[in-house]
Amino acid sequence: MRKLRVLCFILGIVSLGLFLSIRNRENTYNEIASKVLRLHVIGNSDSIQDQRLKMEVKKDIEDYLKKNMPDVKDAKEAESYLIEEGEKLKEIGERRIRGRGYEYVITMETREMFFPKKNYEKYEFPAGNYRAVRFVIGEGKGKNWWGILYPNLCLTEGSYEVIEEEQDEKLKAILSEEEYRTILSAKTEDTQVSFRCLEIIQEWLSR
């Protein structure tokens, strides 16, 4: 009976600790999401041709932003720039569409929406609600492509999964120390702690 009471007490403490840790992590995730702007391109359909066209439109938009997007100070300023350049960006995409023999129209919108977690080399951006600039091609019923527009992790040269030193410094500049540590792609501390607690309890009960 005494062991049972002690066990219930330990489980209560562990549960409370995990709950507070998870709440703190969720708050950190929300702070990270508020400092990031996503780029989202949606294909007309899932046909091979429409999906190939989507990637071509995406590349044309990225190429324009690489050459012309100024060094903005935060995600809100980046979003404002995209809105200002909206008609130009749609024109660039629709020029590619017409060049491939299609008549699809691009719809551009900005909104907050849920994104799953995304890995960029050694970093993991958590799942959550992010502001996004969306380019919807035609009916927008196809698979989508998405990346991080600010800081410009999806506009780097070469592989989009590689974060160069310059982008790494930008991440450190816009995120707090805790937020920066959080996006490091390692096993979460919560999971490690919970497994260790279970091991301790099992060892104690086996005595």
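User: Glu139: buried or exposed?

Analyst: Glu139 is exposed, with a relative accessible area of 56%. Exposed means over 50% relative accessible area, buried under 20%, and partly exposed in between (1.4 Å probe, protein chains only). This is a predicted model, where local features need pLDDT of at least 70 and side-chain atom pairs count only at pLDDT 80 or more, while totals for chains, interfaces and linings use all residues. Residues are numbered from 1 along each chain as its sequence is written, and side-chain values use heavy atoms, with hydrogens and water left out.

User: Which residue forms a salt bridge with Glu139?

Analyst: Lys141 does, with the closest N and O atoms 3.4 Å apart. A salt bridge here is a side-chain nitrogen of Lys or Arg within 4 Å of a carboxyl oxygen of Asp or Glu. Lys141 counts as exposed, at 63% relative accessibility.

User: How many salt bridges does the structure hold?

Analyst: It holds 15. One of them joins Lys143 to Asp46, with 3.7 Å between the closest N and O atoms. Lys143 lies in the loop between strand 5 (128-137) and strand 6 (144-150), and Asp46 in the loop between strand 1 (37-42) and helix 2 (48-68), so the pair ties together parts 97 residues apart in sequence. Helices (H or I, at least four residues) and strands (E, at least two) are DSSP runs, numbered from the N terminus.

User: How exposed is Lys143? And Asp46?

Analyst: Lys143 counts as exposed at 53% relative accessibility. Asp46 is partly exposed, at 42%.

User: What about Lys117 and Glu124?

Analyst: Their side chains meet in a salt bridge, 3.9 Å from N to O. Lys117 is exposed at 51%. Glu124 is partly exposed at 24%. Elsewhere, Lys59, Asp63 and Lys66 are linked in a network of salt bridges.

User: Switching to the fold. How many helices and strands are there?

Analyst: Seven helices and six strands. Along the sequence the pattern reads α-β-α-α-α-β-β-β-β-β-α-α-α.

User: What is the strand order in the open sheet?

Analyst: The order is 2-5-1-6, four strands with mixed pairing. Strands 2 and 6 stand at the edges with a single partner strand each, so one side of each has no neighbour in the sheet. The twist averages 25° from one strand to the next. Two strands pair if DSSP finds at least two bridges between them.

User: In what sense do strand 2 and strand 5 pair?

Analyst: Antiparallel, over ten bridges. In strand 5, Arg131 is the bridge partner of Glu112.

User: Which strands does helix 2 lie across?

Analyst: Strand 1, strand 2, strand 5 and strand 6, and helix 2 runs at about 10° to strand 6. Helix 4 packs on the sheet too, touching strand 2 and strand 5, with its direction at about 110° to that of strand 2. Axes are lines fitted to C-alpha atoms, for helices over the stretch in contact, and angles run from 0 to 180 degrees between N-to-C directions.

User: Which residues of helix 4 are buried?

Analyst: Gly86, Leu89, Lys90, Ile92, Gly93, Glu94 and Ile97. The buried residues of helix 4 pack against helix 2, helix 3 (75-84), strand 2 (106-115) and strand 5. Contact means heavy atoms within 4.5 Å.

User: What comes after helix 4?

Analyst: Gly101 follows, with a positive phi near 85°.

User: And how much of the protein is buried?

Analyst: Buried residues make up 41% of the 207 residues.
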